[in-house]
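Subject: Structure handover and notes

Hi,

Have a look at it first, then read on.

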Amino acid sequence: MKCQRVLTYLRIFGTTMFGVSLLVGISTAYIMGYQFFTTARNHLSFGLYGAILVVHLVIQSLFALLEHRNMRRSLETPIKLNKSLALCIAAYQEDPNYLRKCLVSVKRLTYPGIKVIMVIDGNTDDDLYMMDIFKEIMGWDKSATYVWRSNFHSRGPEETDEAYAESLQHVTRTVLNNKCVCIMQKWGGKREVMYTAFKALGRSIDYVQVCDSDTMLDPASSVEMVKVLEEDPMVGGVGGDVQILNKYESWISFLSSVRYWMAFNIERACQSYFGCVQCISGPLGMYRNSLLHEFIEDWYNQTFMGSHCSFGDDRHLTNRVLSLGYATKYTARSKCLTETPVTYLRWLNQQTRWSKSYFREWLYNSLWFHKHHLWMTYEAVITGFFPFFLIATAIQLFYQGRLWNILLFLLIVQAVALIKASFASCLRGNIVMVFMSFYSVLYMSSLLPAKMFAIATINKSGWGTSGRKTVVVNFIGLIPISVWFTILFIGIIYTVIQQTRKPFPESEKIVLVIGAVVYASYWVVLLTLYTVLINKCGKRKKDTHYDMVLDV
């Protein structure tokens with residue numbers, strides 16, 4: 001016991017020193033600005049910091065490829081599907097069309113004997129349509145339903161102690177004694193909805209699958225995730241490949257679709273190779289029920305800076321599994337389609353909320369670095385601090401008083417994005433991934449300042465995405481965008497003034513013209529391809545591709 005404690009302290013010390021050394025090394029490389037080579041008048045250069053990022057991308061892609069190879073091998077592993085499984089669906093003001101598609105896909109799941117529990121966040125007359133759809137799709141005679149005045153942490157109006165205690169027992173009995181259950185409860189947020197399903201199930205089943213009400217599940221999705229949990233008892237949770245259901249509805253949803261593929265099949269596939277996927281997504285995830293009940297109360301009662309946490313439920317659930325020393329995995333063999341925002345403002349609010357949970361959970365996640373592979377520490381440092389280095393670089397180049405530096409920054413951003421997109425196209429075997437390079441503009445112009453705003457307002461629980469039946473427009477996300485554009489615009493004005501005060505060399509003019517032509521040509525070609533391949537083809541596919549046709 002004493003020896004084990006010493007080893008734990010050594011691991012904590014070792015991972016801490018590794019993380020600090022890595023951050024100091026990267027910061028030093030950035031601040032010192034060591035260059036491997038540079039051209040005359042510094043038109044082009046390649047430094048140590050850039051080399052570190054290139055190496056990171058190469059290594060990440062390599063391990064992602066190795067994990068995909070492992071996934072293909074697992075196809076040959078025979079398992080018995082004899083473990084009990086419950087699917088928990090969280091619903092809130094869902095679009096009726098999406099909810100129907102979700103429940104139809106649930107009926108098509110091939111896992112034997114699966115229990116289905118849908119908990120609706122809201123118990124008013126305006127929410128009844130979701131329960132009606134559940135009974136319609138799952139079967140009026142097969143569905144057990146209950147409109148609950150309360151929830152597990154809040155009583156209904158004027159409810160007595162006796163009535164409340166009886167309602168708790170009734171919810172538990174309904175869930176345990178029926179295969180298809182729908183519960184409407186007092187509004188409390190997604191975490192409250194998930195808690196109801198977990199708590200009512202108790203320890204009666206082996207695995208718990210989570211799903212959102214806007215998600216269409218592939219028939220084999222449950223089977224494939226169970227395979228991962230059955231292969232290794234030290235895997236506590238597993239997530240699948242989340243694709244976009246409404247990708248052709250707008251340019252925002254399309255760019256989100258290619259970004260999702262990159263995030264899951266390269267970034268999370270790499271994390272999965274080391275058993276440390278840092279977020280099992282809400283639309284498609286599965287956990288060992290025995291683990292859930294070790295931390296369900298702590299998970300629900302999570303606080304940050306004195307406030308109860310009302311977002312980041314899935315990320316914190318994943319972190320709780322990691323905190324126990326269990327691995328978390330990703331399998332591309334389990335797939336689903338889910339809705340994503342189609343308007344810029346709703347997407348921005350979603351990303352701000354996700355960024356808040358990312359930085360909050362980064363701090364919590366760091367407490368358990370020593371329980372997992374060093375890759376978890378390494379990637380947390382690289383991805384956690386990258387936005388700050390990028391902002392510093394942008395401001396530095398925009399305020400150096402040289403137009404070429406601004407143009408070079410824009411060219412490099414798109415060049416790196418195009419290289420990553422080309423690699424993703426090869427890995428996926430689909431030219432559509434080349435449009436991932438568009439996402440870099442969205443990242444630089446919107447997501448980067450949204451991340452800083454998320455940090456500044458990290459203890460605020462509002463400003464998330466709304467229900468899909470009634471979409472609420474929220475303009476508060478435009479504040480950081482406006483500030484960011486103001487900073488860059490002032491930098492451009494400053495640079496123009498500085499350039500007009502000194503002689504403009506002929507060679508500089510030539511380089512500027514060439515760079516501007518290359519940059520403009522890039523956009524002309526990519527926008528033309530987007531118009532021809534995506535805009536026109538997408539309109540033809542828009543109404544037909546929803547019938548559970550998943551990308552490969």
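E224 is buried, with a relative accessible area of 10%; buried here means under 20% relative accessible area, exposed over 50%, and partly exposed in between (1.4 Å probe, protein chains only). The side chain of E224 forms a salt bridge with R333, at 3.6 Å from N to O. By salt bridge I mean a side-chain nitrogen of Lys or Arg within 4 Å of a carboxyl oxygen of Asp or Glu. E224 sits in helix α7 and R333 in strand β13 (residues 327-338), so this pair ties together parts of the chain that are 109 residues apart in sequence. R333 itself counts as partly exposed, at 30% relative accessibility. Helices (H or I, at least four residues) and strands (E, at least two) are DSSP runs, numbered from the N terminus.

Before going further, please keep in mind that this is a predicted model: local features need pLDDT of at least 70, side-chain atom pairs count only at pLDDT 80 or more, and totals for chains, interfaces and linings use all residues. Residues are numbered from 1 along each chain as its sequence is written, and side-chain values use heavy atoms, with hydrogens and water left out.

On confidence, pLDDT is the predictor's confidence in each residue, from 0 to 100. The protein chain averages 89, and 92% of the residues score at least 70. Among the elements, strand β10 (residues 285-288) has the highest mean pLDDT, 98, while strand β1 (residues 35-38) has the lowest, 66. Over residues 543-552 the pLDDT stays under 50, and for that stretch the model has 28 contacts beyond four places in sequence. A contact means heavy atoms within 4.5 Å.

Back to the charged pairs. Side chains of opposite charge can pair when their charged atoms come close. The structure holds 16 salt bridges. One of them joins K83 and E230, at 3.1 Å from N to O. That pair links distant parts of the chain, 147 residues apart: K83 is in the loop between α2 (48-74) and β3 (85-91), and E230 is in helix α7 (residues 221-231). K83 is partly exposed at 31% relative accessibility, and E230 is partly exposed too, with a relative accessible area of 26%.

R346 and E339 also meet in a salt bridge, at 3.3 Å from N to O. R346 is buried, with a relative accessible area of 9%, and E339 is buried with 11%. Elsewhere, salt bridges that share partners join K190, D212 and D314 into one network.

Beyond its neighbours within four places in sequence, K115 is in contact with residues including L85, L87, V175, N178 and L201.

At 3% relative accessibility, V116 counts as buried. Among its contacts beyond four places in sequence are L87, I89, F134, M138 and V181.

The expected span is 1.5 Å times one less than the number of residues. In α6, 10 of the 12 residues are buried, among them R191, E192, Y195 and F198. G202 follows α6 with a positive phi near 60°. Helix α13 (residues 403-428) has 26 residues and reaches 38 Å from its first C-alpha to its last, close to the 38 Å expected. Just after α13, G429 takes a positive phi of about 70°.

Positive phi also turns up in residues other than glycine. Q93 has a phi near 45° and sits in the loop between β3 and α3 (96-107), where Q93 is partly exposed at 26%. M305 has a phi of about 55°, lies in the loop between β11 (303-304) and β12 (307-308), and counts as exposed at 57% relative accessibility.

Best wishes
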